[in-house]
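Let's take a friendly walk through one protein chain. Have a look at the structure below before reading on.

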Amino acid sequence: MNISTLITFAFLLAAILLAIRSSRGKKMSLEQWSVGGRGFGTVFVFLLLAGEFFTTFTFLGGSGMIYQVGSPAYYVLAYMTLAYVFSYYLLPPVWRYAKEHGIVSISDFFRSKYQSPFLGVLVSIVGIIASVPVVVLQLKGLGIIVSETSYGMISPTLAVWIGTIAVTVYVMISGIHGAAWTAAIKDISIVLVVVFLGLYLPYHYLGGLQPMFEAVQAAKSDHLTLPEQGQSVSWVISTVLLTAFGFYMQPGLFAAALSAKSEKVFRRNTIIMPLYTLLLLFVFFVGYTAILQVPGLKGADGDLALLRLSLQTFDPWFIGIIGGVGVLTALVPTSVILLTTGTLFATNIYKPLTRTKEEGHIAKVAKVTVPVTAFISLYFVMNGGNALYALLLMSFSLITQLFPSLLLSLLSNNQINKYGACWGILVGVITVAYLTLSKTTIGTLFPDLPQIIKDFNPGFIALFVNVLVAFLVSRLKPF
């Protein structure tokens with residue numbers, strides 16, 4: 001085993017040991033396991049929310065998207081900043097209501113707000129389905145990282161199996177506590193590695209950032225502009241709005257927000273988090289450099305851009321550090337998503353169906369759900385070939401269908417009822433599923449529409465249909 005592989009696995013082992021230590025002395029009730037007993041302060045909540053941001057998509061998918069399509073990747077910078085602005089107003093009332101009613105998941109929130117057990121079950125199902133592509137994204141990225149940084153000694157398939165087993169054990173032992181502590185190590189190390197790579201590689205190969213952009217302009221000028229069709233300006237705007245609306249609808253992020261000990265935590269984080277997103281620029285710089293230095297990566301292989309460029313530049317010991325940090329970018333968000341999925345299933349599907357009231361038993365069911373979800377995701381990793389950014393967008397298109405009903409529920413005069421909320425979400429999800437699976441676009445359905453409309457993100461169109469149906473059903477079937 002080479003030094004690179006040893007260092008990578010040392011990071012993984014350290015994370016697991018830290019997770020075990022973080023759970024000592026704590027009675028792991030469902031609330032403690034899933035939201036940390038609502039006792040996390042500004043630092044831990046910041047790290048958890050950042051942990052959901054700095055994932056394998058940030059590490060590989062950001063540079064991969066720049067490599068593959070160029071400027072449309074900048075939608076990530078815009079949506080992150082907009083989502084954090086939303087959080088200043090959205091999260092405090094959500095947190096207050098959740099604390100008052102003992103809520104630990106987004107499904108509990110919907111069930112309580114609309115007084116509808118069925119809606120709670122529906123939101124759980126949507127949350128679980130939307131979480132699977134994100135877990136697939138993380139595991140797929142994990143396999144790429146371990147395989148590449150081991151110089152091919154470990155196959156992507158074996159790497160994914162090891163990662164899946166490790167993250168499953170990690171989550172079942174420590175819950176959200178392990179994710180919070182590991183996020184501290186991950187965020188410090190990823191900032192250092194990403195900034196270094198984003199500055200060193202352009203200067204090493206091209207003499208600086210300006211020469212890098214000049215070289216890209218000469219070689220692939222289309223990567224520095226938005227296309228007139230497809231991922232055009234209207235696609236970017238609609239995708240930014242879609243993903244910003246859906247950011248905190250992700251069950252893992254919603255649960256991480258509920259772990260705060262006060263609503264002031266969110267307002268403090270709102271000040272810091274938009275600045276944190278600027279780190280993505282350094283990932284983009286790596287992608288631009290890779291366009292010139294490792295040409296020829298086709299399709300989803302564009303996600304290899306950062307690692308392939310690093311392999312031809314650095315010594316094995318530093319490749320091991322890159323691999324170790326990359327492993328942590330998969331471990332933290334995956335653990336939060338898996339424990340949230342377990343909580344959703346146990347409290348909002350299993351509990352209502354079995355009418356079980358024993359909290360200890362519900363907690364056990366939540367933990368058992370973790371490996372089930374992990375290995376379902378593993379199946380899709382082995383049988384799918386989508387690029388990382390495509391998986392992320394598919395997940396957002398699904399989960400954002402929850403946003404209109406949640407936002408309206410916070411108003412004193414909610415204009416939709418439980419029937420409208422249910423049908424709106426259901427029709428929105430079906431629309432996303434149809435457009436995604438059939439690869440249908442607005443342009444193929446309505447070829448005579450202006451190009452600006454035809455380029456809208458399909459998930460954004462589904463969101464419009466969702467709202468329309470929700471209001472219509474609420475009028476037809478009054479409160």
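Predicted model: local features only at pLDDT ≥ 70, side-chain atom pairs only at ≥ 80, totals over all residues.

Residues are numbered from 1 along each chain as its sequence is written, and side-chain values use heavy atoms, with hydrogens and water left out.

**A cavity**

Rolling a probe the size of a water molecule over the atoms shows where empty space is left. On a 1 Å grid over the protein atoms alone, a cavity is a set of points where a 1.4 Å probe fits but cannot get out, and lining residues have an atom within 4 Å of a point. A volume is the space filled by probe spheres set on the points, which are joined across faces, edges and corners. There are five cavities of 30 Å³ or more.

| Feature | Second largest cavity |
|---|---|
| Volume | about 80 Å³ |
| Lining | 11 residues |
| Nearest its centre | Ser-131, Val-134, Gln-250, Pro-251 and Ser-395 |

**Aromatic rings**

Rings of Phe, Tyr and Trp (its six-membered ring) pair if their centres lie within 6.5 Å; planes under 30 degrees apart count as stacked, over 60 as edge-to-face and the rest as tilted. The count comes to 24 aromatic pairs. Why is the pair Tyr-79 and Phe-247 edge-to-face? The ring centres of Tyr-79 and Phe-247 are 6.0 Å apart and the planes are at 65°, so the pair is edge-to-face. Both Tyr-79 and Phe-247 are buried (under 20% relative accessible area, with a 1.4 Å probe and protein chains only). One aromatic cluster includes Tyr-79, Phe-247 and Phe-396.

Methods: 1 Å grid on protein atoms, 1.4 Å probe; cavity = no way out; pocket = protein on both sides within 12 Å on 5 of 7 lines; lining within 4 Å. Buried < 20%, exposed > 50% of the residue type's maximum accessible area, 1.4 Å probe, protein only.
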